[in-house]
Amino acid sequence: MHGFMLSVSGLSCVRGERRLFSDLSFELGAGEWLHVQGENGAGKTTLLRALVGLSAPAEGEIRWRGQPIRDLAEDYGRDMLYLGHYGAVKEELTPLENLRFSAELDGRTLDDAEAIAVLHRFGLKGREELPVRFLSAGQKRRVLLSRLATRQSPLWILDEPFTALDVKAVDMLSGMIGAHLAGGGMAILTSHQTMPLPGGRAIKL
Amino acid sequence: MNALLAIVRRDLLIALRRKSEVLTALFFFIIVVSLFPLGIGPDAKLLKKIAPGVIWVAALLSTMLSLNRLFATDHADGTLEQMTLSPTPLGLLVTGKIVAHWLTSGLPLVLLAPVLGIQFDLDLSALGVLAGALLLGTPLLSLIGAIGAALTLGVRGGGVLVSLLVLPLYVPALIFGAGAVEAHVSGLDPQGHLSLLAALLALAAFFAPWATTAALRVALE
Amino acid sequence: MNNRIINWFKFASPQSFYPLTGRMIPWFWALAAAFGAAGLWISFFVAPTDAVQGEGYRIIFIHVPASWMSMFIYVVMAGWAGLGLALNTRLSGMMAQALAPTGALMAFISLWTGAFWGKPMWGTWWVWDARLTSELILFFLYIGFIALQAAIDDPRRADKAGAILALVGVVNVPIIYFSVKWWNTLHQGASVSLMKSPSMAQTMLWGMLVMALAFWMYSIAVALMRVRAIILEREAYTEWVRDLPEVKE
């Protein structure tokens, strides 16, 4: 609806001496999502890391809203949310503190009430004030995912987002992604699961 | 600016919950300073003479020890990656981390050093100059050390390697810092030393976050 | 002018640089030998016996050129590294990596010859004068660079990290030198200065310059040989390397 567009052309990535994939091209518009598939080691994470700008691809160009992401720097960061393999939460802090600090780094202040509401939505009721290291793997994952609710970014790039989640959480997350897409957002996901969301394309590496 | 303060608050909060890391480096400082008289002998005059140098070297080593704390945990749990991708410029966040690092490892040295200086029979005014020199010098050590910590992120033998990279770069701080106290003890004006130290601090405050950010991006590729 | 620009970038690829260096290396060895012979002749036979220091002073014909080269190579190394960082060229990083050990060697030679000079003259193997101390720190900077590159497995990351370190180092070298000089003049105990000779005879200066040229040619020859080895190692999986006669056997 706003014309946000991710366009990738001629992308190829290498890892060490191996060429993982070459000449990859695609475009993503509002409401669309991409399912990146492939075996372990095929280069899914490498592709995602190149798309967010962490590593430079061997060849090709990635453009966001018409400009190379290299030139956009922080502006791209504002429009894009990347959740990778890492837990990306501080173990010593509570989920509440983690969420509030992440929000501040993202440029918005979150008051306690808002933050607690988000955490409850992610099934962390009663755990908000416990240092994250006391939580289970699934709960830690949900603390990370709660950023999806507080960050207002059109492009979501998620690497195996359903890892360690139980059925209820998987449903909730799928619902969130669906709502995000319906609202004009975009998503790129890697996942071993099939996702019942409309408007998707698959890329196999 | 908000983000910078947020990072400082975050790192301070984490340091508070992992007090042992901070305290270990401080006790290291105290122990190293105490080793010198044991190695050299209790000659009060000699000890008074070497005190500034000894305390400064111990401060360098203690800062070195605490450097791996700067980025390693954030790198391991993925929060560093997230900082690179945030809407806030990475340079700003890095500066915030360095400030927090100084508050937990440099500032305590500034406060502790005069107490240790008493053991070496330095007089009150000399202790004042020592504290002042360390106040200017320890942020400099954190800034330069950050570059080393970023370069060796996730690299084998990181701890010792950082020392090898950073200690030569610490030499000017050591010379001017210890020199200021020695000058004062000899009856000279430490102004020159302290101004040079301040100049180095200004230079490092400008360049070091930039170099550190570049090194972090290289490490995260 | 256009021609030269095109040629420059042509040799920026390891594939074309490799055969070029192969042809260049023997020439540099020849120049090094020629300058070296001339320099040694000057230092032993032409330069007069020093009034104060006798014959032992002749070691400065090794010491001073080695010092000059150690500093020169560091700047060149930082230059190549910076170029690699800015233009993202593989070869620049390889050149920096190739230069480092030679620079370290020059610093090492400078330190040892400084010691050998000091012993007969002042009775001590080491003296903390500004230049020797700065040389020691420069030696540590070289070792740090080499150690950092050795510790990082990924060659591209090693190049870039080394480049940042070298650039930080090159900015710091004048600062370190200045601070050490300050430190030395303030603690003026025994005012020993290895370079304070009442009159530097013209011939002595010539001798040092010729020896410096010899060291320079030697350094280039060795660095080019080393960069060839680095190219072979890093590009081992490419076709053109596999097709080389020296690799095929």
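Guide: In chain B, helix α6 (residues 90–119) and helix α9 (residues 191–220) have axes that come within 9 Å and cross at roughly 110°; helices (H or I, at least four residues) are DSSP runs, numbered from the N terminus, while axes are lines fitted to C-alpha atoms, for helices over the stretch in contact, with angles running from 0 to 180 degrees between N-to-C directions. The two helices α6(B) and α9(B) are therefore roughly perpendicular to each other (a word used for angles of 65 to 115 degrees). This is a predicted model, in which local features need pLDDT of at least 70 and side-chain atom pairs count only at pLDDT 80 or more, whereas totals for chains, interfaces and linings use all residues. Residues are numbered from 1 along each chain as its sequence is written, and chains are lettered from A and ligands numbered from 1 in the order in which they are written.

Where these two helices meet, α6(B) brings B:Leu90, B:Gly91, B:Val94, B:Thr95 and B:Ile98, and α9(B) brings B:Pro209, B:Trp210, B:Thr212, B:Thr213 and B:Leu216; residues are in contact if their C-beta atoms, placed from the backbone, lie within 7 Å. Sorted by class, this contact of α6(B) with α9(B) holds six nonpolar and four polar residues, and no charged ones (Ala, Val, Leu, Ile, Met, Phe, Trp, Tyr, Cys and Pro count as nonpolar, Asp, Glu, Lys and Arg as charged, and the others, Gly among them, as polar).

Helix α3 of chain B, residues 44–66, has 23 residues and should span 33 Å at 1.5 Å a residue, which agrees with the 31 Å between its end C-alpha atoms; the expected span is 1.5 Å times one less than the number of residues. This helix α3(B) also bends by about 50° at B:Ile50, with a proline, B:Pro52, following within four residues (the bend is the angle between axes fitted to the seven residues ending there and the seven starting there).

Chain B also touches its neighbours. Its contact with chain A takes 22 residues from chain B and 21 from chain A, and on the chain B side α1 (2–17) and α5 (79–84) each supply at least two residues, with α1(B) giving the most, seven residues. That side of chain B divides into nine nonpolar, seven polar and six charged residues.

Towards chain C, 20 residues of chain B are in contact with 23 residues of chain C, and the helix of chain C that gives the most to this contact is α6(C), with 14 residues. The chain C side of it comprises 18 nonpolar, three polar and two charged residues.

Note on methods: Parallel < 35°, antiparallel > 145°, perpendicular 65-115°, else oblique.
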